Amino acid sequence: MLPGARGDAEVPGPDREGAVPQGRASHGELEPFHASLILFLGRAWDAVTDPAVGFLVSKSPRRKYGKLIPWIACSMPFGVLCYCMMWSTLADGAPVSLKFLWYLFTYNFFQICMTCYHVPYSSLTMFLGGTQRDRDSATAYRMGMEVFSTLLGSGIQGQMVGAYHGRMTNGCSFGNGTLPNSSTPGLAGSLEGTRRAYVSASLVLGSIYCLSCLILVFGVREQPGPLSPLGKAGLPFMSCLRTIVGHKPYTQLLCGFLFASLAFQVMQGIFAFFCTHAAGLAGKFQHLVLIMLVTASLSIPFWQWFLGRFGKKTAVTLGLALIIPALVAITQVSHNFPAFVLLMVVAGCSSAVLYLLPWSMLPDAVDDFMLRNPNCLNLEALFYSFYVFFNKFAGGLAVGISTLGLHFAGYRTGDCTYNPTVALALKLLMAPVPIILLLIAITIFCLHPINEERRKQMRMELEAMGRQARRGSSDHHQG
């Protein structure tokens, strides 16, 4: 939950908020159907709030402390409060409808707070000054810290909670044995311990969130650019929306990002269940997640060098394709921890591309838009708000697909009985579904119109505009 960690992390990927309802399902607070319903309703709410917040940020004036940073500072306390509330359990005797409404309310309010934080935070990339290369470097540093924050958050929560998950599944025989159901004293005690561990982890992550946000607020200063004057957007919302949606490079980038993010988050959303019910690695999934995140964090500098040397389109195509053989192998291996470690290294290297490349390509699409529409300035926050929404929407859709798949396959919370239908559903969600989505994403990225030649042309135009602006400012002062 460090600033910019897409609340994310997503087990490795982009939507840790989506893991909250699923976590509730995993320790008995919600049925999978109710968890998926909360996710779908939350994403419908995001469809309204994300663009609305982006437009309000675009319309907000530049104040003493900047245009974007006040939004970040004001949303932080409420986001921490809602995150902790989501993991606070109601009484066991509370009606199912009351539990559903409680988690629906806290989850949606948390989403609003994270939107008010993440939209201006991600938009800051456009207002850090420097050249196009400097901005790409800043994006790499930002995404590297996001991966590190994901590593830290997943490590804290995984280590605090994973022991209880392992205790709940310890003794499950994947051949023909079963464990007692969750009504037995042993499993009931483990379930209560799991709930306390989630609450404790939320308090620790909330404290880190506060500290990181304070560092951001007091350590970053916004700097306007030739096409980014940090002013108020002059167009009404619907005019802005039509203009942005009509920009082909941006809409293609959004679609590619959606399919790639959805592919990764489908497999991330069911990874813990896959390890328990299909791979025979119950209680070890948190270690595999940490291995993937460490690899992703270490791989970002390589991919940053690679995109500078061979271009962004080549990097994103090769990086996303890298995970496909690993997914096929994962579904064919079981009870083999060393083999899974090797496959997680490959998956982590590929997930670094998802962290870095789409967010590195977005500023180029914004530059292209502003160069083609010089009268439509100060819309950076709106561009990033749709990116944030599609990122969260992919996470919610992925977790919704996985929980519904488990529901229809016959999975029941707290039941350790081996179910071949559940194992088959997990294998389908782990390989064929993500591979199809990845192939669609790769095709879209290959057709993206902004190549290295267009980036060079945009850089020359922006540098010329910057020189002209500096000459105008110098002449004004001399006058």
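This report describes the fold, the nonpolar core, selected helices and a few individual residues of a predicted model.

Residues are numbered from 1 along each chain as its sequence is written, and side-chain values use heavy atoms, with hydrogens and water left out. Because the model is predicted, local features need pLDDT of at least 70 and side-chain atom pairs count only at pLDDT 80 or more, while totals for chains, interfaces and linings use all residues.

**Overall fold and core**

The chain has 17 helices and 2 strands, where helices (H or I, at least four residues) and strands (E, at least two) are DSSP runs numbered from the N terminus. Of its 479 residues, 57% count as buried, a term that means under 20% relative accessible area, with exposed meaning over 50% and partly exposed lying in between (1.4 Å probe, protein chains only). Among contacts, that is, heavy atoms within 4.5 Å, between residues at least 6 apart in sequence, 84% join residues at least 24 apart.

In soluble globular proteins, nonpolar side chains tend to be buried together. A nonpolar core is here a set of buried Ala, Val, Leu, Ile, Met, Phe, Trp, Tyr and Cys residues joined through side-chain atoms within 4.5 Å. The largest such core holds 138 residues, of which Tyr 250, Phe 274 and Leu 320 touch the most other members. Helix α13 (residues 337-372) supplies the largest share of this core, with 19 residues. Not counting residues up to four places away in sequence, Phe 274 touches Ala 279, Ile 330, Thr 331, Phe 340, Leu 426, Lys 427 and Met 430.

**Helices**

Helix α8 (residues 248-269) has 22 residues and reaches 31 Å from its first C-alpha to its last, close to the 32 Å expected at 1.5 Å a residue; the expected span is 1.5 Å times one less than the number of residues. Of the 22 residues in α8, 18 are buried, so that the helix is mostly covered.

Helix α12 (residues 323-330) and helix α16 (residues 432-446) pack at an angle of about 170°, with their axes 10 Å apart. That angle makes α12 roughly antiparallel to α16, because angles over 145 degrees count as roughly antiparallel, under 35 as roughly parallel, 65 to 115 as roughly perpendicular and the rest as oblique. Axes are lines fitted to C-alpha atoms, for helices over the stretch in contact, and angles run from 0 to 180 degrees between N-to-C directions. Ile 323, Ile 324, Leu 327 and Val 328 of α12 make the contact with Pro 434, Ile 435, Leu 438 and Leu 439 of α16.

**Individual residues**

The C-alpha atoms of Thr 106 and Met 86, which are 20 residues apart along the chain, are separated by 5.8 Å.

The structure holds 0 disulfides, a disulfide being a pair of cysteine sulfur atoms within 2.5 Å. Cys 376 is in no disulfide, and the nearest cysteine sulfur, that of Cys 240, is 7.1 Å away. Cys 376 counts as buried at 12% relative accessibility, whereas Cys 255 counts as partly exposed at 36%.
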